[in-house]
Amino acid sequence: MRTLLMTTVVASAALALAGAASAQSSIRPGQTVQGNFTAKDARMGDGSHYRCYVIQTNADEAYTVTLSSSDFDTYLSAGEGADCDETSITNDDGPDMGTNSQLRFASSGGLWIIKANTLSEGETGRYELRVSSGERVRPTTQVLPIAVGESRSGRLEFSDRRADDGSFYDCYALSIARAGSVAVRLDSGDFDAYLALYEGPQCDGESLASDDDSGGGTSAQIVQELRPGTYSVRANTLGSAEEGDYTLSVTSRR
């Protein structure tokens, strides 16, 4: 009886591994793949079907991934590496694509995983997955000026600087003439904002302060006592590869 039980457990584990392996394929930049979800395809915890595709990327290149279907509502996710459970960016319906999905990411090189997914439980049908050829990304090194009492509008995108976590940021130089309390605020309707404050004009080294949501909602805010000197502010997205418009403002709290 014990031998039979062990045999059943081993067989079940083998089937689970086989199912996981069958859900992963490869795709090349510039390639389009046609697929068809059936009831036999692997499922997420929410019951939706998925397949994973591994892509070899080049450093400092950006890729656009599009998942379209006339049979079901699509959902896309992607992340660095080849683990289908480790995705960091997602998209459901956009931009302006109805029930089709599209996302973009910039790579530092190596493998990325792309998960093609049905949005809802039990959906099946045909789909098309497209990956663009790599678009060369040349991040800017420009430092922008900002002064106390000013607001600046900007946009974060692939041409901007990229942090170690893959998030985009703009760097602003801030000159302080008089000692006192200063409030730096970053607002965006397109992404979750993140702020960091540094000594010196280049947004590098160890930050004096950083913040995610102190501005309320997804806005970031830093309130800091500063002595006269030159500082820099990193206007940053919280997540990797996010893009969008923002407003950065600096006000005195004296």
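Guide: We begin with the disulfide, which is a pair of cysteine sulfur atoms within 2.5 Å. This is a predicted model, in which local features need pLDDT of at least 70 and side-chain atom pairs count only at pLDDT 80 or more, while totals for chains, interfaces and linings use all residues. Residues are numbered from 1 along each chain as its sequence is written, and side-chain values use heavy atoms, with hydrogens and water left out.

Visitor: How many disulfides does a search of the whole structure find, and what is the pairing of the bonded cysteines in sequence order?

Guide: The search finds 2 disulfides. When the bonded cysteines are numbered in sequence order, the pairing is 1-2, 3-4. Strands (E, at least two residues) and helices (H or I, at least four) are DSSP runs, numbered from the N terminus.

Visitor: Which cysteines form a disulfide with their sulfur atoms 2.2 Å apart?

Guide: They are cysteine 171 and cysteine 203. That pair also links distant parts of the chain, 32 residues apart, with cysteine 171 in strand S12 (residues 168-176) and cysteine 203 in the loop between strand S14 (193-199) and strand S15 (209-211). The link is right-handed, with 100° about the S-S bond.

Visitor: Are cysteine 171 and cysteine 203 buried or exposed?

Guide: A residue is buried under 20% relative accessible area, exposed over 50%, and partly exposed in between (1.4 Å probe, protein chains only). Cysteine 171 and cysteine 203 are both buried, and cysteine 52 and cysteine 84 are buried as well. Of the 254 residues of the protein, 43% count as buried.

Visitor: Why does asparagine 236 count as buried, and what does its side chain reach?

Guide: Asparagine 236 counts as buried because its relative accessibility is 4%. Its place is in strand S17 (residues 229-237). The side chain of asparagine 236 reaches the backbone oxygen of phenylalanine 168 at 2.7 Å. A polar contact is a pair of N or O atoms within 3.5 Å; within protein, one must be able to donate a hydrogen and the other to accept it, and residues adjacent in sequence count only if both atoms are side-chain atoms. The side chain of asparagine 236 makes such a contact with the side chain of serine 167, at 3.1 Å.

Visitor: Why is serine 108 exposed, and which residues is it in contact with?

Guide: Serine 108 is exposed because its relative accessible area is 52%. This serine is found in strand S6 (residues 101-118). Contact means heavy atoms within 4.5 Å. Leaving aside neighbours within four places in sequence, serine 108 is in contact with Ala59, Asp60, Glu80 and Arg162.

Visitor: With which strand does S2 pair, and in what sense?

Guide: Two strands pair if DSSP finds at least two bridges between them. S2 pairs with strand S7 (residues 125-131) in the antiparallel sense, over 6 bridges. Glutamine 34 stands opposite glutamate 128 in S7.
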